[in-house]
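The coordinates should be kept open alongside the text.

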Amino acid sequence: MTGLSVEKTGSTRSTVFFIIFNLSIFSLSIEARSRQQHASFPPRGWNSYDSFCWTISEAEFLQSAEIVSKRLLPHGYQYVVVDYLWYRKKVEGAYVDSLGFDVIDEWGRLHPDPGRWPSSRGGKGFTEVAEKVHRMGLKFGIHVMGGISTQAYNANSLVMDSVKGGAYEESGRQWRAKDIGIKERACVWMSHGFMSVNTKLGAGKAFLRSLYRQYAEWGVDFIKHDCVFGTDFNIEEITYVSEVLKELDRPVLYSISPGTSVTPTMAKEVSQLVNMYRITGDDWDTWKDVTAHFDISRDLSASSMIGARGLQGKSWPDLDMLPLGWLTDQGSNVGPHRACNLNLEEQKSQMTLWSIAKSPLMFGGDVRNLDATTYNLITNPTLLEINSYSSNNKEFPYITATRVSRNKHKGYPHHPTGKNISTKHAFGLTSCKEQKANTWFIVDKNRGQICWNQHSSEKLEKPFCLYNRKALLAS
């Protein structure tokens, strides 16, 4: 049984929450793991975005993957993901929303920039990179954008028929990019780069099918599909991509992103189609970004969305990557160059919230410069155990110390004077033996029973008690 506490700063009040999660711990043999459904637990891994933005090279990625394999794989971090713009040439004039610097084939499909990914030459794509990652015992992932690139649209590339081979033909003609691209539905945050395709057309579906079949041929295990959720919500494309992934010979975990303006209703619409779905915008290393995740986590958990049925397994609300350790800046053309701006207590808060919300844990820091403090935080065994095996993950409604009356709660242990105080931000694991948890007491250590010890001096009440396996309200 684990207690989690958070102290919120406020000019007029101090509120302390204690959150209890029921843990059902069990071990799985290798054989049993092989029979698990897809994404049985919140996925864990490393993503290149927070530390490299879009500029990572093949050498840097493989070096990072080797470190993940040796240091983080034993803790369940099994995916290594190349984030966006791996197809963009790193030359003067190229940046996040530039146009005309991407590597595309005759079918308008994106290929890795051979300047940064030399093993991709000759049309091999990520095949060799994926093979090397698999030999490390890891799974390989890539970020892709929704729809078709503006560059392919402008080139009016032929659409490939990946079933029959050659150009897609229908109604007696060959179809091209300008037949399927929807210029009016450009990606909100990369308007020069990508636009939606018309999935009502056979040619639009053929184009998407040709993309995802190629990713599978490269050996991709994880797809992070951007510009189709939240503000750019495109349920038609998500649905069709999900259908294509079901047909593949190899299992591919399906993640959609980003998730600005996501609601529980929207999440329910996509949860069965995917394995991960972002419920927030990009999270960076500011306390403002971290705190924005509390309410959305509460709302999604209250809707019973955590671990709901997903694509060939389960699906998980995704709070975004963990920008801890050595990082870069959003939209930067420069690689890792600075330390995380969150202080240690704020970092603990973030890791704890991600764990109890059962969010996928995708570390974003530069693993080549992984300091001991950050490493110990992201591999904390109790947090990882909670992230995988806890149940009934919902906000605990018992809130105390809000405008405490001096007369009513004379003996209240946190605020004996009843005065309003201000505290620092803190949200982390708390032992029941610690002073800050002194409103709880252990009744039966063997059964894992603890009870809430606060009561009014005017009226004795039965305590609120919680158990390791189940919670019982005795009041």
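1. Overall make-up. The model under review is predicted. The protein has 13 helices and 25 strands as its secondary structure. Of its 475 residues, 56% count as buried. Among contacts with a separation of 6 or more, 71% are between residues 24 or more positions apart.

2. Helix 10 against helix 11. Helix 10 spans residues 287-302, and its axis lies 10 Å from that of helix 11, at an angle of about 25°. The two helices are therefore roughly parallel to each other, since angles under 35 degrees count as such. The crossing of helix 10 and helix 11 is left-handed.

3. Residues between helix 10 and helix 11. On the side of helix 10, the contact involves W287, V290, H293, F294 and S297, which meet E346, S349, Q350, L353 and W354 of helix 11. Sorted by class, this contact holds five nonpolar, four polar and one charged residues.

4. Helix 11 against helix 13. Helix 11 (residues 344-356) also packs on helix 13 (residues 381-389), with an angle of about 30° and axes 7 Å apart. That angle makes helix 11 roughly parallel to helix 13. Helix 11 contributes M351, T352, W354, S355 and I356 to the contact, while helix 13 contributes L383, L384, I386 and N387.

5. Salt bridges in general. The structure holds 16 salt bridges. One network of salt bridges links R278, D282 and D320. Three further pairs are discussed individually below.

6. E66 and K70. The side chains of E66 and K70 form a salt bridge with an N to O distance of 3.9 Å, which falls inside the 4 Å cut-off. Both residues belong to helix 3 (residues 58-72), and because they are four residues apart they are separated by about one helical turn. E66 is partly exposed, at 33% relative accessibility, whereas K70 is exposed, with a relative accessible area of 60%.

7. R88 and D102. How far apart are N and O in the salt bridge of R88 and D102? The distance is 2.7 Å. R88 and D102 are 14 residues apart, and each lies in the loop between strand 4 (79-82) and helix 4 (127-135). R88 is buried, with a relative accessible area of 0%. D102 likewise counts as buried, at 8% relative accessibility, because the cut-off for burial is under 20%.

8. D329 and R338. Is each partner of this salt bridge buried or partly exposed? The closest N and O atoms of D329 and R338 are 2.7 Å apart. D329 is partly exposed, with a relative accessible area of 31%, while R338 is buried at 15%.

9. Points to inspect. When viewing the predicted model, the reader may wish to display helix 11 together with helix 10 and helix 13. The salt bridge of R88 and D102 may then be displayed, with both R88 and D102 buried.

Note on methods
Residues numbered from 1 in each chain as written. Predicted model: local features only at pLDDT ≥ 70, side-chain atom pairs only at ≥ 80, totals over all residues. Heavy atoms only, no water. Axes fitted to C-alpha atoms, helices over the stretch in contact; angles between N-to-C directions. Parallel < 35°, antiparallel > 145°, perpendicular 65-115°, else oblique. Contact = heavy atoms within 4.5 Å. Buried < 20%, exposed > 50% of the residue type's maximum accessible area, 1.4 Å probe, protein only. Left-handed = near helix turned anticlockwise from the far one by under 90°. Nonpolar A, V, L, I, M, F, W, Y, C, P; charged D, E, K, R; others polar.
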